[in-house]
Amino acid sequence: MCGIVGYIGKRNAYPILIKGLKRLEYRGYDSAGVALISDQQALNVYKTKGKVSELETFVAEKDISGTIGIAHTRWATHGEPSPANAHPHYSSSARLALIHNGIIENYAVLKEKLQSKGYTFKSSTDTEVLVQLIEYIQDKRNIDLLAAVQLALREVIGAYAIAVLDRDHPDVVIAARKSSPLVVGIGEDEFFLASDATPIVEYTDKVVYLAEEEIAVLRRGEPLKIVNLHNVECEHEIQTVALNLGQLEKGGYPHFMLKEIYEQPDCIRDCMRGRINVENTNVVLSAIIDYKERLLAAKRFVIVACGTSWHAALIGKQLIETFCRIPVEVEYASEFRYRDPVIGSNDVVIAISQSGETADTLAAVELAKSRGAFIYGICNSVGSSIPRATHTGSYIHVGPEIGVASTKAFTGQVTVLTMLALTLAREKRSIDEERFLATVQELNRIPDKMKEVLKLNDTIAELAKIFTYAHNFIYLGRGFAYPVALEGALKLKEISYIHAEGYPAAEMKHGPIALVDTEMPVVVIATRNDLYEKVLSNIQEIKARKGKVIALVTEGDTVISKIADTCIELPETIECLDPLITTLPLQLLAYHVAVCKGMNVDQPRNLAKSVTVE
Ligand code: G6P
């Protein structure tokens with residue numbers, strides 16, 4: 001993970017770099033640093049443990065002049081969070097400074113080689129090895145920075161997005177990537193560089209996404225040049241990004257997470273726009289139609305994902321199996337990629353990822369592709385690595401998600417999976433017309449129903465106060481509600497650090513029921529559907545053991561309200577769309593518990609939004 005930013009042009013680099021780091025803090029925030037070539041041609045590196053705001057305090061009295069610089073916000077992999085391990089890293093002579101996102105897997109071998117030549121190291125990072133290697137090559141062969149970077153990267157095994165400054169050449173930034181993302185922004189006589197487009201859009205909407213093993217040469221007064229590791233010039237396409245600044249700011253909300261929870265009705269509308277017709281009688285995901293022969297020929301679908309996206313995948317399995325009658329398996333991408341899975345040309349692999357950069361999901365895609373499977377991506381971040389690696393796919397179009405705990409991306413993923421299952425089912429004729437129409441029409445009503453749910457915010461905030469001091473939570477659901485229970489528990493864990501487990505409601509009696517006592521809050525998704533009576537029995541079992549039941553029920557429910565300690569009444573919908581409703585109060589509950597506990601909701605400890613390491 002880690003976020004990297006760079007600037008070269010006519011403006012002062014420092015404010016641009018700091019603002020950029022703040023936009024990228026979602027990628028990691030255990031230390032931060034900046035390198036600037038000052039107006040006096042000094043290469044100044046400032047770095048601290050902690051967040052970008054701490055870096056700002058640290059540099060308050062320092063020389064922050066310079067129109068060229070690079071900056072980094074870190075999520076530690078090699079070496080604890082500390083000033084020494086923070087980036088940028090100097091080379092031995094302090095002539096070069098380098099920032100890095102990724103992992104140099106063969107760093108130990110390279111380090112030994114350099115140590116045997118007398119190099120010493122100030123940090124325990126893999127990154128310092130790379131900057132020393134570049135300087136060693138540059139000195140030994142008397143070559144320029146670009147050539148030295150090319151040779152060094154040819155020795156490197158692993159993942160990297162890097163940017164390097166050379167004090168003796170203050171007119172150029174060299175940047176390169178492999179497996180970790182990097183975007184170049186092109187302005188008037190200036191270049192920007194970042195892990196994603198969010199630090200750039202304030203200044204220009206013209207960007208180039210670097211491809212694998214490409215090196216960008218950002219030189220003052222010259223157009224962008226991109227070469228590969230063998231110095232062959234690469235064609236590049238300048239794209240226009242459609243992000244606006246409002247999407248990247250809190251817009252009056254105290255946290256990005258709350259803003260993103262509240263955005264969901266609009267996001268889901270955006271996600272459906274142009275896909276459901278105005279009469280509400282049809283839904284079409286164009287990629288499904290374009291590749292329908294290939295998709296319908298598949299013997300099975302396998303969905304790969306991580307984290308919250310994996311929970312969406314579990315709902316996708318039920319949707320596709322229900323509507324399309326195609327067997328679906330759901331796999332953690334990290335397990336799939338190392339399991340030598342049985343996968344081939346009869347399979348369709350769906351990769352779900354908000355960021356489109358998750359290393360394990362990307363590796364799973366590459367593995368499945370190499371074995372002949374057809375790959376369909378469901379992503380949010382436009383132009384990211386996974387959409388570029390897949391054969392086709394659909395964006396969820398929910399806008400940038402900045403809070404580390406995923407909210408609107410989850411409901412966007414579930415919406416796309418619903419539309420995917422419906423489009424494919426109609427092509428396959430595996431769904432009857434009446435059910436198809438009823439589902440499309442109800443899907444179209446979901447944003448308004450979400451708005452109703454959000455009106456419960458104050459009630460849920462009050463409820464959260466009661467449970468702020470709980471040490472454990474259980475979340476239960478069945479059928480379509482089971483993945484929602486997992487997601488509800490994950491949200492609470494991530495941001496409030498309360499231990500929480502999601503379980504299939506009936507499975508509870510095979511273990512977790514042993515944990516139930518008067519102290520144990522149990523959240524049960526008990527909305528009206530075919531399994532209602534069964535879930536009711538599960539609630540009775542908990543109450544018999546004096547657990548505290550918080551039940552999500554359908555408006556007007558009079559049965560569970562008599563048994564549960566607390567009921568949250570939700571608008572009625574059809575079972576397969578219920579996750580789009582029941583997820584919202586669980587997001588709000590997690591949010592308010594974390595706020596009551598005084599936690600950093602948007603940047604929970606140890607987590608990062610985009611996990612670009614395995
Ligand atoms: C991290 C994030 C989660 C996310 C997961 C998968 O763990 O903190 O919110 O669900 O990665 O990310 P992806 O971008 O692939 O959906």
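This is a predicted model: local features need pLDDT of at least 70, side-chain atom pairs count only at pLDDT 80 or more; totals for chains, interfaces and linings use all residues.
Q: Why is strand S12 (residues 214-219) called mostly covered?
A: Buried means under 20% relative accessible area, exposed over 50%, and partly exposed in between (1.4 Å probe, protein chains only). Five of the six residues of S12 are buried. S12 also pairs with S13 in the antiparallel sense, over four bridges, and Ile-215 stands opposite Val-227 in S13.

Q: What makes S5 (89-90) and S13 (225-228) edge strands?
A: The open sheet has six strands in the order S5-S6-S7-S8-S12-S13, with antiparallel pairing. S5 and S13 each pair on one side only. Strands here are DSSP runs (E, at least two residues), as helices are (H or I, at least four), numbered from the N terminus. S5 pairs with strand S6 (residues 96-104) over two bridges, and Tyr-90 stands opposite Ala-97 in S6.

Q: Why is Arg-95 called buried?
A: Arg-95 has a relative accessible area of 13%, so the residue falls under the 20% limit for the term. Arg-95 is found in the loop between S5 and S6.

Q: What makes the approach of Arg-95 to Asp-139 a polar contact?
A: The term requires a pair of N or O atoms within 3.5 Å; within protein, one must be able to donate a hydrogen and the other to accept it, and residues adjacent in sequence count only if both atoms are side-chain atoms. The side chains of Arg-95 and Asp-139 make such a contact at 3.4 Å. Arg-95 also touches other residues, including Leu-43, Glu-135 and Leu-165, where contact means heavy atoms within 4.5 Å.

Q: How do you know that domain 1 and domain 2 bury area between them?
A: Buried area is the accessible area (1.4 Å probe) that two parts lose on being put together, summed over both. For domain 1 and domain 2 this comes to about 870 Å², 52% of it on carbon and sulfur atoms. In domain 1, Tyr-26, Tyr-209 and Gln-247 lose the most area to domain 2, together 47% of what that side buries.

Note on methods:
Residues are numbered from 1 along each chain as its sequence is written. Side-chain values use heavy atoms; hydrogens and water are left out. Two strands pair if DSSP finds at least two bridges between them. Lists of a residue's contacts leave out its neighbours within four places in sequence.
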